[in-house]
Amino acid sequence: MSRAKTIALVALAALSGMAATAEVTINREGERLRVVIDGQIFTEYWYTNVPRPFCYPVLAPGGIPITRNFPMKKVPGEQTDHPHHRSLWFAHGSVNGHDFWSEQGNFGRIVHRAFDKVESGAKSGTIKAQNDWITAAGEMVCQDERELVFSSVGKGPDEVRLLDFSITLIASKTDVVFGDTKEGTMAVRVAESMRVKGGLNQGHIRNSQGITDGATWGKTADWCDYYGPVDGQTVGVTILDHARNPRHPTWWHVRDYGLFAANPFGRHDFESLKDQPKAGDLLLKKGGRLTFRYRFVFHRGEAKAAKVQGWYEEFAK
């Protein structure tokens with residue numbers, strides 16, 4: 001057995017033995033839900049009077065903010081590009097031809113309809129919600145059911161915070177085509193100082209194929225990790241693409257300026273198939289359901305490849 005494989009198995013065994021260690025409390029705070037782990041805020045779920053539901057702020061272990069503030073808050077020194085990059089969110093740029101990704105022109109909105117569950121717990125907290133995808137003209141294109149499960153494992157420097165995000169897209173009214181575009185889909189915009197280019201220029205990206213930094217854009221991989229300095233400490237976030245997800249391993253729309261997204265639909269953009277603009281289209285027939293599962297791992301320090309592979313193997317089980 002190779003040394004790298006041995007290290008990965010050791011990391012997997014360590015994670016498997018780490019039970020959730022922290023109480024998670026979810027409370028309503030005005031038009032948001034606040035998620036607190038052992039008395040420290042983890043994130044807030046914004047769902048009312050917004051273009052789409054999202055999580056902001058998102059705090060890594062130790063209370064370190066790991067996502068950009070803009071456009072929810074203007075902070076000196078932060079870039080104000082891409083105002084639709086709202087911290088941590090799920091959306092797509094072509095759904096039956098309608099744009100649910102940007103916030104320009106006649107863009108669609110993902111509108112909260114109801115909560116099925118808002119539950120605190122000794123080891124995890126859960127939000128289950130239903131949403132309608134509404135065009136600028138007021139037409140409902142599709143719906144979703146999503147579940148966000150928040151937890152934490154380990155203590156001190158070994159602590160990682162977890163968000164398990166699963167979403168089921170539902171073609172409730174008509175056939176739905178999720179179009180081939182790079183503009184999507186399961187996304188996070190990392191803190192300004194974590195950027196590979198710009199900011200402090202000290203951030204890094206690495207995927208499960210061993211590809212790093214700007215070269216990770218458009219590649220397929222089981223997981224991808226983005227880490228860098230925030231407030232004098234190194235923190236990072238890994239997104240794991242579940243092995244049973246449609247089109248696994250996914251393509252990664254991950255940019256050196258801070259955008260970090262798993263996109264299972266943007267094939268022609270990512271593979272430069274200029275003569276096949278619909279190569280990545282996915283048709284969901286009326287009445288059909290399509291589920292994606294992701295895990296976000298928020299960690300301290302640089303996430304070594306073997307350790308991340310252990311996290312991935314645990315999630316894939």
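Strands E16 and E17 (residues 259-263) pair in the antiparallel sense over four bridges. Strands (E, at least two residues) and helices (H or I, at least four) are DSSP runs, numbered from the N terminus. Two strands pair if DSSP finds at least two bridges between them. This is a predicted model, in which local features need pLDDT of at least 70 and side-chain atom pairs count only at pLDDT 80 or more, while totals for chains, interfaces and linings use all residues. Residues are numbered from 1 along each chain as its sequence is written, and side-chain values use heavy atoms, without hydrogens and water.

E16 and E17 form a hairpin with four residues between them. Gly258 sits in the turn and has a positive phi of about 125 degrees. Trp252 has Ala262 in E17 as its bridge partner. Strand E16 (residues 251-254) is covered on both faces. Trp251 and His253 are buried on one side, Trp252 and Val254 on the other. Buried means under 20% relative accessible area, exposed over 50%, and partly exposed in between (1.4 Å probe, protein chains only).

Next comes an open sheet of eight strands. Its order is E7-E8-E9-E10-E19-E15-E14-E13, with antiparallel pairing. E7 and E13 are the edge strands, and each pairs on one side only. The twist averages 20 degrees from one strand to the next. Nine bridges join E7 to E8, which run antiparallel. His112 stands opposite Asn131 in E8.

| E13 | 204-207 |

Axes are lines fitted to C-alpha atoms, for helices over the stretch in contact, and angles run from 0 to 180 degrees between N-to-C directions.

Ser94 is found in the loop between strand E6 (88-92) and strand E7 (109-119). Ser94 is buried, because its relative accessible area is 19%. Not counting residues up to four places away in sequence, Ser94 touches Val177, Phe178, Gly179 and Thr181. Contact means heavy atoms within 4.5 Å.

The second largest pocket is lined by 14 residues. Asn69, Glu78, Ala191, Glu192 and Ser193 lie nearest its centre. A pocket is an open set of points on a 1 Å grid, where a 1.4 Å probe fits, with protein on both sides within 12 Å along at least five of seven lines; lining residues have an atom within 4 Å of a point.
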